[in-house]
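Colleague: I would like to learn how to read a pair of packed helices. Where should I start?

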Amino acid sequence: MLLELKKAAIEAITSILPLVIVILILQFTVLHAPPELLWNYLIGAAMAIVGVTLFLAGVRIGILPMGRDVGAELPQHESLLLIIVSAVIFGFVVTVTEPGVMVLSELFVQLGGDGGTVMVIVVAVGMAILFMAALVRIIFGFPIRYLLMAVYGIAVILALFAPPEYVALAFDSGSAAAGSFTVPMMLALGLGFVSVLARRSSLSDGFGLVGLACAGPIIGILCWGVFF
Amino acid sequence: MVSPFEGLSGIFGDVAIPVVLLVLFFMVFQFMFLKRPFKQVSILLRGVLLAYIGLVLFLQGINVAFLPMANEIGVTFGHYVDYWVLIPIGFLLGSLVTIAEPQVKVLCQQIEKASSGYIKAHIMQYTLCIGVGLFAALAMARTVFGIPLLYILVPGYIIAFLLLFFSDKNFVAIAFDSGSIATGPLTVALIVSIATGAAAVIEGSNPLVDGFGTIGIITLAPIISIQIISLLYRIKPPQGDEKK
């Protein structure tokens, strides 16, 4: 665990420091933000570096193995129902509780959409259905290219008919719905899932869950914009 | 002066719910099927706890450090007569933010592992870094010049679809995954705040319409740039990624 933390600390420092320094250079050349802002900036940047260290180490120690274990277990019961039910529950639950989605629903209400809670449910259902479809696709060996094209194609076509502010919100929502825990968990789950299936490529089959699942919220919000 | 620790407890609460549910989801599998030894499970749980504390600190750091600074950048450059400077700034910060985003790091390492080292993590990292930089610049250009979002999204997705026919199938899934992953919390906070900050001061732009949609544009960056890189990999066909 200590070794993992040390490795993560080096990664965190080397990855965040360039950004911190460039913003500092901007601060002293053009921004000249007030000193209390600068003070907060320095403390906040330090917090972010410590945070990323713990996060990276924790993801590797806890979240990735969990996702891999669950993913590798799912196909072993020869039960499509188990896969579908688990995927839908997982997709729905992680989206409903995601803080980013809450922020999204507040923005949605600001845009004049009524029913922020209903929007959260629409987004979560979209995510759950597509996450499930992405796993079922792997079982049946349906090419991911066609599924991606169909799903994002629908999104783009809907976008042509939806009001512009809904389009902006919808395409922003895709990544808001994929939270910082959901992403590593889904990645590991997909790789674990294909690891126990014969004749599946870990690259073209193990990945793609996040990308497909994130189209769910996009389509959900666009449908809202077009039909209501 | 606002304390840098204000709102910290709120984030602790917000992030706790998804974490608890994630653990609960795992526990159901643990008790029904996995039945891992207690010692192993306790290590996993300690890992989750670390990741939880880490994420809270990271998010708090973003809120007190990067959000206000990004807003400052947007407002300052939006006041410039030549506010097009925001475009190169967008490129610079877009690239740096992609290096800093921890979930991008996790993704790149998983890709290297899944491809048995064939696709190197740092190559993915640089591809994403340049791709996101260019699209962040494009997003700034949209805010500055008030280009309608659809004029960027529709051609962008058409290019992404066309590339689907030519790119290596091993990269297609990765490309779309990266699209959602590259737009992590830091990217969202930094780039969106610059865009909304600028939209608020540039005449004739509406922060609600011109500030949003930025993430949607940046999501396109990995989808397109990774597929382009895959055309280069085509010259050297992948080995050792097919399992069993």
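Modeller: Start with how the two helices run relative to each other: α3(B) and α8(B) are roughly antiparallel. Keep in mind that this is a predicted model.

Colleague: What describes a packed pair in general?

Modeller: Two packed helices are described by the angle between their axes and by the distance between those axes. Here the axes of helix α3 (residues 86-100) of chain B and helix α8 (residues 185-201) of chain B cross at roughly 165 degrees and come within 9 Å. An angle over 145 degrees counts as roughly antiparallel, and therefore α3(B) and α8(B) get that description.

Colleague: Is the crossing of α3(B) and α8(B) left-handed or right-handed?

Modeller: The crossing of these two helices, α3(B) and α8(B), is right-handed.

Colleague: Which residues in α3(B) and α8(B) meet?

Modeller: On the α3(B) side they are B:L86, B:L93, B:G94, B:V97, B:T98 and B:A100. On the α8(B) side they are B:L186, B:T187, B:L190, B:I191 and B:A198. By class, the residues of this contact are eight nonpolar and three polar, with no charged ones.

Colleague: Now the other chain. How many helices and strands does chain A have?

Modeller: Chain A has nine helices and zero strands. The C-alpha trace of chain A spans about 60 × 50 × 30 Å along its principal axes. Of the 228 residues in chain A, 57% are buried. Among contacts in chain A with a separation of 6 or more, 84% join residues 24 or more positions apart.

Colleague: Into which domains is chain A divided?

Modeller: Domain 1 covers 1-77 and domain 2 covers 79-228 of chain A. The centres of domain 1 and domain 2 of chain A, taken over C-alpha atoms, are separated by 26 Å. In chain A, 14 residues of domain 1 are in contact with 18 residues of domain 2. The domain 1 side of that contact has eight nonpolar, four polar and two charged residues.

Colleague: And how is the size of an interface given?

Modeller: Often as the accessible area lost when the parts come together.

Terms used. Residues are numbered from 1 along each chain as its sequence is written. Chains are lettered from A and ligands numbered from 1 in the order in which they are written. This is a predicted model: local features need pLDDT of at least 70, side-chain atom pairs count only at pLDDT 80 or more; totals for chains, interfaces and linings use all residues. Axes are lines fitted to C-alpha atoms, for helices over the stretch in contact, and angles run from 0 to 180 degrees between N-to-C directions. Helices (H or I, at least four residues) and strands (E, at least two) are DSSP runs, numbered from the N terminus. Angles under 35 degrees count as roughly parallel, over 145 as roughly antiparallel, 65 to 115 as roughly perpendicular and the rest as oblique. A crossing is left-handed if the near helix is turned anticlockwise from the far one by less than a right angle, and right-handed if clockwise. Two residues are in contact if their C-beta atoms, placed from the backbone, lie within 7 Å. Ala, Val, Leu, Ile, Met, Phe, Trp, Tyr, Cys and Pro count as nonpolar, Asp, Glu, Lys and Arg as charged, and the others, Gly among them, as polar. Domain bounds come from an automatic or database domain assignment. A residue is buried if 20 or more other C-beta atoms lie within 10 Å of its own, exposed if 12 or fewer, and partly exposed in between; C-beta atoms are placed from the backbone.
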